[in-house]
Amino acid sequence: LFDFRLHSPVSKIFLEMPSNDISWSYTNPLQFTVANEDGNLYSFDIRNLNKIFKIYKGHVMPVLSIDQNQFSQTIVSGSYDSTLRLFKTNEYKCNEIFFTQRMRKILDVSFSLDGRYIISASEDGELRLWKNFEEKNYFYLNNNKYKVDRKNNSNFQKVNVSSSIKIVPGQVKTMLYIKAKILGNKKKEIYNKNNQILPDYIRFKTKKKN
């Protein structure tokens, strides 16, 4: 972090993997979120940069771009796994997943100025306009969510929108299974190391100070 009045950085933040994008919160200017190569979003508070304020999980591949809605506490992220995900700042898991069969790696995402739409740029050379379902400007047809404009219904088509992990691309579903298995193995390894007791080894329990 830099201060324009100084020639050297005010503070530095180091993560295990490099970050690709950063977005400041409109509702709380003291907080910002970074998109990381490990598929997570990390939020920080400049009042205490020694620890991560919040972690948003869901992507299975590196996150390349993020943006925040200036009218609501919503974060949109685009990833190498060819999906767009919407997060609420008061939750940890994604609320909505946007994807199409022909869409490839998402390189950039951005909210419109009114916050009703999301624009995405993908590796297949196309720009796509999505309806922000967090805004109450949509309706249902046959229990399915449709991207529909009330004034001109021909401008939007039906797309795959899911709030459940069951309805995701096959590749993403496979990567979710592999990622969960790897994380589970790491937790087991840490648990076994912490509970491994050598012969003639005495473990003392320290009391917490009130």
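A contact here means heavy atoms within 4.5 Å. Among contacts in the chain between residues at least 6 apart in sequence, 39% join residues at least 24 apart. This is a predicted model, in which local features need pLDDT of at least 70 and side-chain atom pairs count only at pLDDT 80 or more, while totals for chains, interfaces and linings use all residues. Residues are numbered from 1 along each chain as its sequence is written, and side-chain values use heavy atoms, with hydrogens and water left out.

**Whole chain**

Start with a cartoon view. The chain has 1 helix and 14 strands; helices (H or I, at least four residues) and strands (E, at least two) are DSSP runs, numbered from the N terminus. Colour by relative accessible area next. Of the 210 residues, 36% are buried. Buried means under 20% relative accessible area, exposed over 50%, and partly exposed in between (1.4 Å probe, protein chains only). The accessible surface of the chain comes to about 14700 Å², and 53% of that belongs to carbon and sulfur atoms. Such areas come from the Shrake-Rupley method with a 1.4 Å probe; for residues, only the protein chains shown count as cover.

**The main core**

Select L41, V76, L84, L86, F87, I118 and W130. These residues have the most contacts inside the largest nonpolar core, which has 20 residues. Such a core is a set of buried Ala, Val, Leu, Ile, Met, Phe, Trp, Tyr and Cys residues joined through side-chain atoms within 4.5 Å. At least two residues of this core come from each of strand 5 (63–68), strand 6 (74–79), strand 7 (84–88), strand 8 (94–99) and strand 9 (106–111). Strand 8 supplies the largest share of this core, 4 residues.

Now centre on F87. Not counting residues up to four places away in sequence, F87 touches, among others, L41, Y56, I75, Y92 and C94.

**The second core and Y42**

Move to F32, Y42, F44 and L49, which are included in a second, separate core of 5 residues. Zoom in on Y42, in strand 3 (residues 41–45). Why does Y42 count as buried? Its relative accessibility is 9%, so Y42 falls in the buried class.

Leaving aside neighbours within four places in sequence, Y42 is in contact with L15, F32, T33, V34, N36, I52, K54 and I55. Display polar contacts as well: these are pairs of N or O atoms within 3.5 Å, where within protein one must be able to donate a hydrogen and the other to accept it, and residues adjacent in sequence count only if both atoms are side-chain atoms. The side chain of Y42 makes one with the side chain of D38 at 2.4 Å, and another, of 3.4 Å, joins the side chains of Y42 and N40.

**Q31 and D45**

Select Q31, in strand 2 (residues 31–36). Q31 counts as buried because its relative accessibility is 17%. Beyond residues up to four places away in sequence, Q31 touches W24, S25, F44, D45 and F53.

From there, go to D45, whose side chain meets that of R47 in a salt bridge (2.7 Å, N to O). A salt bridge is a side-chain nitrogen of Lys or Arg within 4 Å of a carboxyl oxygen of Asp or Glu. D45 is buried, with a relative accessible area of 8%, whereas R47, at 59%, is exposed.

**Other salt bridges**

How many salt bridges are found in the whole structure? The search finds 4. One joins D3 and R5, with the closest N and O atoms 2.9 Å apart; R5 is exposed at 72% relative accessibility. Next, select D124, E126 and R128, which are linked in a network of salt bridges. The closest N and O atoms of D124 and R128 are 3.1 Å apart. D124 is partly exposed at 29%, and R128 is buried at 14%.

**Last stop: S82**

Select S82, in the loop between strand 6 and strand 7. Most residues other than glycine have a negative phi. S82 has a positive phi of about 70° although it is not a glycine. With a relative accessible area of 16%, S82 is buried.
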